[in-house]
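Me: New to this one. Can you walk me through it?
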Amino acid sequence: MNDAAQRLGLRLGMPLADARAMHPALAVAASETAADRRLLDAVADWCDRYTPLVGLDAPDGLMLDITGCAHLFGGESAMGRDLLARLTAEGLHARAAVADTAGCAWGVARYGDASLVPPQQMRAALAPLPAAALRLAPETVEALAEVGLKRVGDLVDLPRAPLAARFGEILLRRLDQALGLEDEPITPRLPLPSYVAEQRFPDPIGLERDVLATIARLAERLGAAMERRQDGARLLQVALFRTDNKVYRIEVGTGAPLREPSRIARLFADRLATIGDACDPGFGYDMVRLAALVTERSEPAQAALAHTGHAAPDEDAELWHLIDRLGARFGPRRVTRLVPQDTHIPEFAVAAVPAARTTEDGGRTTEDADASVLCPLSSVVCARPIRLFERPEPVEAIAEVPDGPPARFRWRRVLHEVAIAEGPERIAMEWWRDDTGQALTRDYFRVESRDGLRAWLYREGLFGRETAQPRWFLHGLFG
Amino acid sequence: MSAAKPSAAHLSAVGLSTAEPSAGSRETLNALRRVVAGASRSGEARLGLGVASLDRALGGGLAKGALHEIGPAAPRDGGAATGFAIALAVLALREGRQAIWIRPDFIAAEAGELYGPGLALMGLSLQRLVVLEVPRVRDGLWAMEEALQCRAAGAVVTELMGEDADLTATRRLALAAGAGGGLGLILRHRPCRAANAAMTRWEVASAAGERDGFGGLGLPAFTISLVKNRHGPTGQWRLSWDHHERAFVTAPALSLPVAATAFDRSSRPQLARAG
């Protein structure tokens, strides 16, 4: 419902047929709950500039806990005016009220005309307002109106027990919450960061260079704050507040607790380099905030006294920094370590796990154990290839006997004569992974062709038992 | 480090004598040349490959902190080229540090993925390997430059298809390798002859390997050709990688039985030799 409709005397909740009867030329648009919700989210995102504690009050409200924040904006009423002025500039109609309790502010914002309720004056502020200002269900409001209780003031001094018996516990709870007799915390939309540093600009900045310089400055403040408490950041976020009330949030994860300012700045430089196009500075940013969302304890490292064979701590830190930066640029999933898995199916024997997630000492084995876990066979030669095709490549192979090793095979249109073949190494599929029951046993052969090509071939299906026409595949290449 | 001070002193001495070098200044100049030569030699750490003739050709081993290029002699030798790159990485990692392996996405379909168990068997511990997959070749080169500058990276391998990485790109990589001190390897999957800034270029072909004592597969053999060498001769070698010792061994030219079979035992000569 827009202003024009309101001037015509239409009301919210009025049946559409009635409205049409009054004004046949009425243009009707279906309400878009999802779009409204997105708008509310965007506004909430933007309100983050006032306080990190922003709670959603769907479908049409926001709760801001401005405890300790208001003085930054010149006091509570100045802050409220600033907020409303900025929202109005965006074409949004909004009402705001500041009060000691969330319930009171809710009621005053919607039904009252004051914008600021002085401390401890909730009762006086609420008394003249209709009962609906207590956040009650419409039925309760109607039931109250039937017995003549139309204003909050009518309710406040009534005996509590009969009220509760007649209208339910919720009425008393709302009343208590509004008057500050019962505590009501605001649930923040976003996790509260442990460390925050922010910078506001009277003149908006737009150049990437300026943004990065700002981040570097903020990182120094953040780093110093974290060092005092011996914390390091695992997840960092930069929020860029655009002058026209759009907010970009850029997150970067780290593999090890980090508080080195230059490295934090470098991570964001890499991240911005990849997603730079997605952040359109428009008329510029007037506020930049750097926050450590997840932190971890990190003791100051002692410099190595002597080279002990293990990686020096600073070398370790450098590796983590490299992994973080590559992850920031390409996404953490692309920077991996290969971790052995407990299976004998060749293609699942190792899994690529994001390097940032594998801890250094978790599951560290000696290097020899490493090899024996990965391959059960001990052999003169390496029993496993160094390159494995994700999809085994079909080859035409000829064997002297149906279940014997191949004598020659054609791979990628080149015919290879087999000089030596070792095998078979029979690998049956794991039935507990196999949904269809169609997986066939494989007989693997390590073969060397006359010109030295070493390949890992397998025949799918046991001849005569599982299939009459076994097919051949090339699965990998040896070094 | 100690070379820095005397060279500064000599430099001022040289600067005074401009037109005709006197005997004293010539002496100074020679001393200065020795200092410079010594500094450049000590600045280049070498990675010995363990094969005398090969190390001699390379002037003491493969230069660390430099860029080297490995390619297959023919497209089917991709496995052998990969094996050679892994072997070099294993050698480079003997003193600690990590290997970073960078691979553009499309390589996997063409040449196969890197397979952990095989790498571990060749001696490259999976705990010391970081694999990075990049969407484009350009990203791979960027990542390689970054990784080479990192002092924690002992070896950085980047897989490329054919002609990628021109003179400018490889020059940047070579400088980065010099800064970080790690071994930079470009592993190509197609033969490439274009000029670039790599210190050496190797072409690897798989060769028929040895037999073990029972006529089965022995150690794999490569024929490696050093086709470009900035500071020495080129040449060709036949090597095997011994994954137990984690070292290169010279492969015999032909796989013949080493010892003669016993005269009076006609049956199972190979078994008799093996026993």
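Reply: First a term: angles under 35 degrees count as roughly parallel, over 145 as roughly antiparallel, 65 to 115 as roughly perpendicular and the rest as oblique. This is a predicted model, in which local features need pLDDT of at least 70, side-chain atom pairs count only at pLDDT 80 or more, and totals for chains, interfaces and linings use all residues. Residues are numbered from 1 along each chain as its sequence is written, with chains lettered from A and ligands numbered from 1 in the order written.

Me: At what angle do α7(B) and α8(B) pack?
Reply: Helix α7 (residues 137-149) and helix α8 (residues 167-180), both of chain B, pack at about 20°, axes 7 Å apart. Axes are lines fitted to C-alpha atoms, for helices over the stretch in contact, and angles run from 0 to 180 degrees between N-to-C directions. The two are therefore roughly parallel to each other.

Me: Which residues of α7(B) make the contact?
Reply: B:Leu141, B:Met144, B:Glu145, B:Leu148 and B:Gln149. Contact puts the C-beta atoms, placed from the backbone, within 7 Å. On α8(B), the residues include B:Ala169, B:Arg172 and B:Leu173.

Me: New topic. What is the mean pLDDT of chain A?
Reply: It is 82, and 92% of the residues of chain A reach 70 or more. pLDDT is the predictor's confidence in each residue, from 0 to 100.

Me: Where does it stay under 50 in chain A?
Reply: Over residues 303-311, with six contacts beyond four places in sequence, and over residues 359-369, with three such contacts. Where pLDDT is low, the predicted coordinates should not be read in detail.

Notes
Helix = DSSP H or I, 4+ residues; strand = E, 2+ residues; numbered from the N terminus. Contact = placed C-beta atoms within 7 Å.
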